[in-house]
Amino acid sequence: MSTDLTETVAAQRDRYCEENGFTGAHIDRYNQIILRAGLVDAIQMPAVLGDRVRVELSRQLLTTPIIENRLTGALTVLTQAASAEDTRSIFLFSKLYRVQAIRTPKGALIMLPGPADKMRVWLDSPVSTLRPPFEKAVAITLDSANSLPRVVN
């Protein structure tokens, strides 16, 4: 999905809902497109981990939208919803690693790139409603994290 700078925020939000199944996306008072986690889930991580996750997703031929936050360098991988029974904590792996992956709990805000958004951009644009199952994305993230060098504080 390319971001057309002449498209309005409302038009882009409508396209997200219609084309990508981002049901319930709304525009906040700052003119940003917001999606509450629930039907769509997400895992946020630093680029050092996110780059490895992207490579593995591609290797497994899994298509999923990934948002880059240009200010923080964090990547957000969008997935199908986590199961209602998933009680895993927000941090997906130990602080012994130099990076951490953070899951979005149900109801958390996911900021989607808007047409004039300078902070958030699609690294991998959404393609229809294709997103891997949450558990698959978690497994890939954990495997990728395990391949990073550990640091001791």
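This is a predicted model: local features need pLDDT of at least 70, side-chain atom pairs count only at pLDDT 80 or more; totals for chains, interfaces and linings use all residues.

Residues are numbered from 1 along each chain as its sequence is written, and side-chain values use heavy atoms, with hydrogens and water left out.

**Exercise 1. Find the residues that line the largest pocket, and say which strand gives the most to the lining.**

Step 1. Start with the term: on a 1 Å grid over the protein atoms alone, a pocket is an open set of points where a 1.4 Å probe fits, with protein on both sides within 12 Å along at least five of seven lines, and lining residues have an atom within 4 Å of a point.

Step 2. The lining consists of Gln 44, Ile 67, Asn 69, Ala 74, Thr 76, Thr 104, Leu 109, Ile 110, Met 111 and Arg 120. The volume of this largest pocket is about 180 Å³, counted as the space filled by probe spheres set on the points.

Step 3. Now look at strands (DSSP E runs of at least two residues, numbered from the N terminus). Strand S4 (66–69) and strand S7 (109–112) each supply at least two lining residues, and S7 gives the most, with three.

**Exercise 2. Compare the make-up of the two largest pocket linings.**

Step 1. Sort by class: Ala, Val, Leu, Ile, Met, Phe, Trp, Tyr, Cys and Pro are nonpolar, Asp, Glu, Lys and Arg are charged, and the others, Gly among them, are polar.

Step 2. For the largest pocket, that gives five nonpolar, four polar and one charged.

Step 3. The second largest pocket, of about 150 Å³, is lined by Ala 37, Gly 38, Asp 41, Ala 82, Ser 83, Ala 84, Asp 86, Arg 103 and Lys 106.

**Exercise 3. Track down the aromatic pairs in the whole structure.**

Step 1. Rings of Phe, Tyr and Trp (its six-membered ring) pair if their centres lie within 6.5 Å; planes under 30 degrees apart are stacked, over 60 edge-to-face, and the rest tilted. The search finds two pairs.

Step 2. One joins Tyr 16 and Phe 22, edge-to-face, at 5.9 Å centre to centre and 65° between the planes. The other joins Tyr 16 and Trp 122, also edge-to-face, at 5.9 Å and 85°.

Step 3. Tyr 16 sits in helix H1 (residues 9–20) and Trp 122 in strand S8 (residues 120–124), so this pair ties together parts 106 residues apart in sequence. A helix here is a DSSP run of H or I with at least four residues.

Step 4. Tyr 16, Phe 22 and Trp 122 form one aromatic cluster.

**Exercise 4. Is Arg 120 buried or exposed, and which residues does Arg 120 contact?**

Step 1. Buried means under 20% relative accessible area, exposed over 50%, and partly exposed in between (1.4 Å probe, protein chains only). Arg 120 is buried because its relative accessibility is 9%.

Step 2. Contact means heavy atoms within 4.5 Å. Leaving aside neighbours within four places in sequence, Arg 120 contacts Gln 32, Ile 67, Glu 68, Met 111, Leu 112 and Pro 113.

Step 3. To place Arg 120, look in strand S8; Arg 120 is also one of the residues lining the largest pocket.
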